[in-house]
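Please look at the model shown below before reading on.

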Protein chains: 2
Amino acid sequence: MTGDTLLTLQLYELVGTDASRPFSPYCWRTRMALAHKGLDHASIPWRFTEKGAIAPHGSERVPVLLHGEKPVADSWTIANYLEDNFPDRPSLFGGEGGRATGKLINAWGDIAVVGGLFPLIVADIPAHLGPADRDYFRASREARLGRKLEDAAAERDTAVIAFRRTLEPLRITLRSQPYLGGAAANYADYIVFGGFQWARAVSAFKLLEDSDPIHAWREKLLDTFGGLARKSPGFAV
Amino acid sequence: MTGDTLLTLQLYELVGTDASRPFSPYCWRTRMALAHKGLDHASIPWRFTEKGAIAPHGSERVPVLLHGEKPVADSWTIANYLEDNFPDRPSLFGGEGGRATGKLINAWGDIAVVGGLFPLIVADIPAHLGPADRDYFRASREARLGRKLEDAAAERDTAVIAFRRTLEPLRITLRSQPYLGGAAANYADYIVFGGFQWARAVSAFKLLEDSDPIHAWREKLLDTFGGLARKSPGFAV
């Protein structure tokens, strides 16, 4: 243990009315990364309209990690920070090649997975939010979608079929190896899993067919780290 | 040098009427991988209808690499074979993490890049083929497309816009690092570049805007290994 590891780790995590139900896909990436490194952290519940709480740390979005007094914002930056500052713990990337190409997987996860999930579950989110957050969420997300949340939800039975097809690169990979990280999960897995854990926290909508290899992979990740993800409040999926 | 490295390397590569113009995206992945490892190889021109030439090597498709008398088929399998058998040469993956997550990038490259390019350039391919290959190509590809090659080409001015959007994860990555492999190119880059080099060999259709970071990245890879890819016959793109 170096001196640095003795500093406390605190993580600002997105929640709604239930402070024990973090639901940001990006915060879940960080949660899983911290668990992978075997690092305990204190969770600081944070809500959409609490911009003032994290502004002093130089960010408008979560996750924000505090390592002692040092703030680190953005899930990808945090993953790299953990890898660099806790090199004796299990690697998140499996070497420099994995870190470099992880950037593409991070971008694919943002666009194809988080972006693909967004219209499928967005209408289920306001029910988890207090009044101020609910108004903020609806206004900002309807601007992004260009339509009402409910209009996106109305099409989700067909949209989910296109979403499943978008996941084909993941499916092909999981047919030939247990995890994106190979024999064991690593940060590449958490990038993608974060999206599913976001959905699970807020929506009962069925995203994956039971026979999908991605479904089996998600089940394994729900049970990883003593069931960290499964124990977090969510819907059966 | 181990004894193994002294065995000859021969690569079956897809060509058409011009035997010096290899155009398979998968063969180009292997070409670049061999160059990355600093390995010379003899090229064995192979055409679509020459199934009999590679059947004894256990494959119906190219690339097939012969290392001495040992055949290795499939571009991903070949990359892994080169990495394992020439460990003292520059790494294709940058460690085991990069190799594991490379599988997802390989699948994404197959679907989003090669699959996305296919309808844009497919109608330009028959002009490069002799009569028997041309008939085989048209019949098999029109069955895959579910329509005439020319019908796919007729829509390409609009289809290319969707294709460029599909490349967004690549674009985001290249805004923050020079190559998918990080500071230098590695096999992740060749996976994607192989698709562009296929297109360049057969089609003058403009795929990327000049201002696109992917365009600049492709230019650099055209010049890598002494201009290996740029010197190969193709269209200005």
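## Terms and conventions

Two strands are said to pair if DSSP finds at least two bridges between them. Helices (H or I, at least four residues) and strands (E, at least two) are DSSP runs, numbered from the N terminus. This is a predicted model, in which local features need pLDDT of at least 70 and side-chain atom pairs count only at pLDDT 80 or more, while totals for chains, interfaces and linings use all residues. Residues are numbered from 1 along each chain as its sequence is written, chains are lettered from A and ligands numbered from 1 in the order in which they are written, and side-chain values use heavy atoms, with hydrogens and water left out.

## Strands of chain A

Strands of a sheet pair through backbone hydrogen bonds, either parallel or antiparallel. In chain A, S1(A) and S3(A) pair in the antiparallel sense over four bridges, and within this pairing A:Gln10 has A:Leu66 of S3(A) as its bridge partner. S3(A) is also joined by four bridges to strand S4 (residues 70-73) of chain A, and these two run antiparallel, with A:Val72 in S4(A) as the bridge partner of A:Leu65. The hairpin of S3(A) and S4(A) has two residues between the strands, and in this hairpin A:Gly68 takes a positive phi near 65 degrees.

In a regular strand the side chains alternate between the two faces of the sheet. From S3(A), A:Val64 and A:Leu66 point one way, whereas A:Leu65 and A:His67 point the other way, and all are buried (buried means under 20% relative accessible area, exposed over 50%, and partly exposed in between, with a 1.4 Å probe and protein chains only).

A:Tyr12 is found in strand S1 (residues 9-14) of chain A, and A:Tyr12 is buried, with a relative accessible area of 10%. If its neighbours within four places in sequence are left aside, the residues in contact with A:Tyr12 include A:Cys27, A:Ile44, A:Trp46, A:His57, A:Val64 and A:Leu66, where contact means heavy atoms within 4.5 Å.

A:Glu60, in turn, has its place in the loop between helix H2 (51-54) and strand S3 (64-67) of chain A, and with 57% relative accessibility A:Glu60 counts as exposed. Apart from its neighbours within four places in sequence, A:Glu60 is in contact with A:Trp46, A:Lys51 and A:Ile54. The C-alpha atoms of A:Glu60 and A:Asp74 are separated by 9.9 Å, while the two residues are 14 residues apart along the chain.

## The sheet of chain B

In chain B, four strands form an open sheet with mixed pairing, in the order S2-S1-S3-S4. S2 and strand S4 (70-73) of chain B stand at the edges, each with a single partner strand, so one side of each is left without a neighbour in the sheet. Neighbouring strands of this sheet are turned by 25 degrees against each other on average, direction ignored. H1(B) packs on the sheet and touches S1, S2 and S3 of chain B, and its direction makes about 150 degrees with that of S1(B). For such values, axes are lines fitted to C-alpha atoms, for helices over the stretch in contact, and angles run from 0 to 180 degrees between N-to-C directions.

Strand S1 (residues 9-14) and strand S2 (residues 42-46) of chain B pair in the parallel sense over five bridges, and B:Trp46 in S2(B) is the bridge partner of B:Leu14. S1(B) and strand S3 (residues 64-67) of chain B, by contrast, pair in the antiparallel sense over four bridges, with B:Gln10 opposite B:Leu66 in S3(B). Helix H3 (residues 75-85) of chain B lies across S3 and S4 of chain B and runs at about 125 degrees to S4(B).

## Helix pairs of chain B

Two packed helices are described by the angle between their axes and the distance between the axes. H4(B) and helix H9 (residues 187-202) of chain B pack at an angle of about 15 degrees, with their axes 9 Å apart. That makes H4(B) roughly parallel to H9(B), since angles under 35 degrees count as roughly parallel, over 145 as roughly antiparallel, 65 to 115 as roughly perpendicular and the rest as oblique. Among the residues of H4(B) that meet H9(B) are B:Gly102, B:Ile105 and B:Trp108, and the residues of H9(B) that they face as a group include B:Tyr187, B:Ala188 and B:Ile191.

The axes of helix H7 (residues 156-166) and helix H8 (residues 168-176) of chain B come within 5 Å and cross at roughly 50 degrees. H7(B) and H8(B) are therefore oblique to each other. Their contact is made by B:Arg164, B:Arg165 and B:Thr166 of H7(B) and by B:Glu168, B:Pro169 and B:Arg171 of H8(B).
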